[in-house]
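Please open the model in your viewer and keep the selection panel at hand. The stops below can be followed in order.

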Amino acid sequence: MTTRPQQGRLWIVGLGPGAAAMQTPQATAALTAATDLVGYATYLERVPLRPGQVRHGSDNRVELERARHALGMAAAGRAVAVVSSGDAGVFAMASAVFEAVEAGPPAWRALEIEVVPGISAMFAAAARLGAPLGHDFCALSLSDNLKPWPLVLHRLTAAAAAGFVLALYNAASQARPWQLGAALDALRPVLPGSTPVAFATAVSRPDECITLATLATADPARADMRTLVLIGSAATRTIERPGAEPYLYTPRRAAPCRAASCRAT
Ligand code: SAH
């Protein structure tokens, strides 16, 4: 990575799920090289400020405004790092920046934009549980802020019916209290009641909390805005262990599919 602040640069940096050990050295290098740090104030607090660096914290909901602000500063010659939790490209700031570039002035297209990947919440949560994402899986955001709720349910039930393990982001928040309950209700006719459901909250943070349930017993009130909900497929297995939490994993091999659309032509 080269540092040319006089020319203007933009990094979009994934900080990982929380623990410093889960932030990549490439992310740390970009954060150190930046003259300006832009992001949701809570995430910016995770980045140690070096002398001369300026922090531009903003509220959670204003992604596009924040992206334009960052692009404007980079176009003016600053070296700007936009931060996201987890991976910056998964339900996060990288898409907001590219939306702004596409709709913005031509000068923004000339900028050198580097997306620095991070460990996404689903990978950190899966690693704590065992290997639930070991076969085909699907990541979905349950937020209906930027897509209609019927589309959320359509994708969710289609992915479950197709046999994907489901990683649910934005499962709950104070502003979206009922959506996870409705999502679990929509899955109950599609998946067996014994399907494992894991609630992984604040993974890699000091207050990390991981609990296992089944689709029949899962309580949506268990999730908050820092929870990743992982729902197994029919193939996902639980390995019970004496005096310890079970391992959850999905084997690498899938059984033949009996659906009509699966038949060889
Ligand atoms: N870009 C982020 C996701 C942002 S969406 C990533 O790749 O992880 C915000 C959602 O991510 C939260 O509602 C929650 O579902 C999940 N999340 C973020 N950090 C988490 C953590 N430490 N533990 C569990 N889930 C987390």
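**The largest pocket**

Sorted by class, the residues lining the largest pocket are 21 nonpolar, 17 polar and ten charged, where Ala, Val, Leu, Ile, Met, Phe, Trp, Tyr, Cys and Pro count as nonpolar, Asp, Glu, Lys and Arg as charged, and the others, Gly among them, as polar. This is a predicted model, in which local features need pLDDT of at least 70 and side-chain atom pairs count only at pLDDT 80 or more, whereas totals for chains, interfaces and linings use all residues. Residues are numbered from 1 along each chain as its sequence is written, and side-chain values use heavy atoms, with hydrogens and water left out.

Select Tyr43, Asn60, Glu63, Phe91 and Asn170, which lie nearest the centre of the largest pocket among its 48 lining residues. A pocket here is an open set of points on a 1 Å grid over the protein atoms alone, where a 1.4 Å probe fits, with protein on both sides within 12 Å along at least five of seven lines, and lining residues have an atom within 4 Å of a point. The volume of the largest pocket is about 1700 Å³, taken as the space filled by probe spheres set on the points, which are joined across faces, edges and corners.

**The second largest pocket**

Next, select Ala162, Gly163, Phe164, Ser233 and Ala234, the closest to the centre of the second largest pocket among the 16 residues that line it. This pocket holds about 330 Å³ of space, and its lining has eleven nonpolar, four polar and one charged residues.
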